[in-house]
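Subject: Structure for you to look at

Hello,

Here is the structure I promised to hand over. Please open it and keep it beside this email as you read.

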Amino acid sequence: MTRFHIATLAAAAASLTALLLPDGATRAFAVGAVWMCFAGVTALGVAFPSLQFFGPVATRGSGDRPVVALTFDDGPDPYATPELLDLLKREGVRAAFFFVGERVDAHPEIAARAFAEGHLLCNHSYRHSNATNLFGSGRLEEDLRKTQDAIARAAGAVPAYFRPPMG
């Protein structure tokens with residue numbers, strides 16, 4: 001159970017408790033305040049992944065040597081991604097591409113090219129929904145699986161990393 005799940009349960013319990021208040025206006029204010037606080041805490045979890053609000057995340061490397069990781073999200077894009085791949089190839093640089101599953105299904109040749117040129121292909125959800133962090137475990141698992149399958153079909157590689165669209 002993640003901190004998000006715990007916060008959701010706490011907000012639901014506080015709301016139910018607030019519903020026991022005798023005055024309607026006070027009750028409505030209390031329920032609204034609980035959910036506003038919940039929204040604020042959730043926003044902090046999105047804005048600061050290192051808080052691990054939605055589950056464990058990797059935000060730093062081992063620290064044993066100075067490195068920079070180049071990562072690109074939201075592709076493959078038929079216009080921008082090939083130009084970016086040309087640039088990376090020309091400069092001899094490898095990067096990680098966090099691809100969106102439905103875009104991989106639309107442009108599998110770009111995902112295949114990125115992998116063939118030595119780049120790491122990663123999962124960035126299937127449809128890039130801003131609500132991905134709020135998906136239940138069943139829906140999230142289905143979304144991740146669809147993207148894993150799309151990338152595997154296109155490039156023959158199964159991603160080891162996932163980055164949610166928000167946070």
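Is Ser125 buried or exposed? Ser125 is buried, with a relative accessible area of 0%. Here buried means under 20% relative accessible area, exposed means over 50%, and partly exposed lies in between (1.4 Å probe, protein chains only).

A word on the source. This is a predicted model, where local features need pLDDT of at least 70, side-chain atom pairs count only at pLDDT 80 or more, and totals for chains, interfaces and linings use all residues. Residues are numbered from 1 along each chain as its sequence is written, and side-chain values use heavy atoms, with hydrogens and water left out.

Most residues other than glycine have a negative phi, and most peptide bonds are trans. Ser125 has a positive phi, near 85°, and is not a glycine. Look for Ser125 in the loop between strand 3 and helix 6. Helices (H or I, at least four residues) and strands (E, at least two) are DSSP runs, numbered from the N terminus.

Gln52 is not a glycine either, and its phi is positive at about 55°. Gln52 sits in the loop between helix 2 and strand 1. Gln52 is partly exposed, at 33% relative accessible area.

Now find the peptide bond between Gly75 and Pro76. That bond is cis, with omega about 0°. Pro76 lies in the loop between strand 1 and helix 3.

Helices 1 and 2

Two packed helices are described by the angle between their axes and the distance between the axes. Helix 1 (residues 3-18) packs with helix 2 (residues 24-47) at about 170°, and their axes are 9 Å apart. Helix 1 is therefore roughly antiparallel to helix 2. The cut-offs: under 35 degrees is roughly parallel, over 145 roughly antiparallel, 65 to 115 roughly perpendicular, and the rest oblique. Axes are lines fitted to C-alpha atoms, for helices over the stretch in contact, and angles run from 0 to 180 degrees between N-to-C directions.

Contact means heavy atoms within 4.5 Å. Helix 1 brings residues including Phe4, Ala7 and Ala11 to this contact, and helix 2 brings residues including Val31, Trp35 and Phe38.

Helix 3

Helix 3 (residues 80-91) has 12 residues. From first C-alpha to last, helix 3 reaches 17 Å, close to the 16 Å expected at 1.5 Å a residue. That expected span is 1.5 Å times one less than the number of residues.

Thr81, Leu85 and Leu88 are the buried residues of helix 3. Seen down the axis, they fall within an arc of 65°, so they line one face of helix 3. The arc is that of the directions from the helix axis to the C-beta atoms. These buried residues pack against strand 1 (71-73), strand 2 (96-99) and helix 5 (108-116). Glu83, Arg90 and Glu91 are exposed, on the face of helix 3 turned away from its buried side. Just after helix 3 comes Gly92, with a positive phi of about 70°.

Helix 5

Ile110, Ala111 and Ala114 are buried in helix 5. Down the axis of helix 5, its buried residues fall within an arc of 100°, so they line one face. Their packing partners are helix 3, strand 2, helix 4 (101-106), strand 3 (120-123) and helix 6 (137-155). Gly118 follows helix 5, and its phi is positive, near 95°.

After helix 6

Pro164 is in the segment after helix 6. Pro164 counts as buried, at 17% relative accessibility. Pro164 touches His124 and Asn133, not counting residues up to four places away in sequence.

Best wishes
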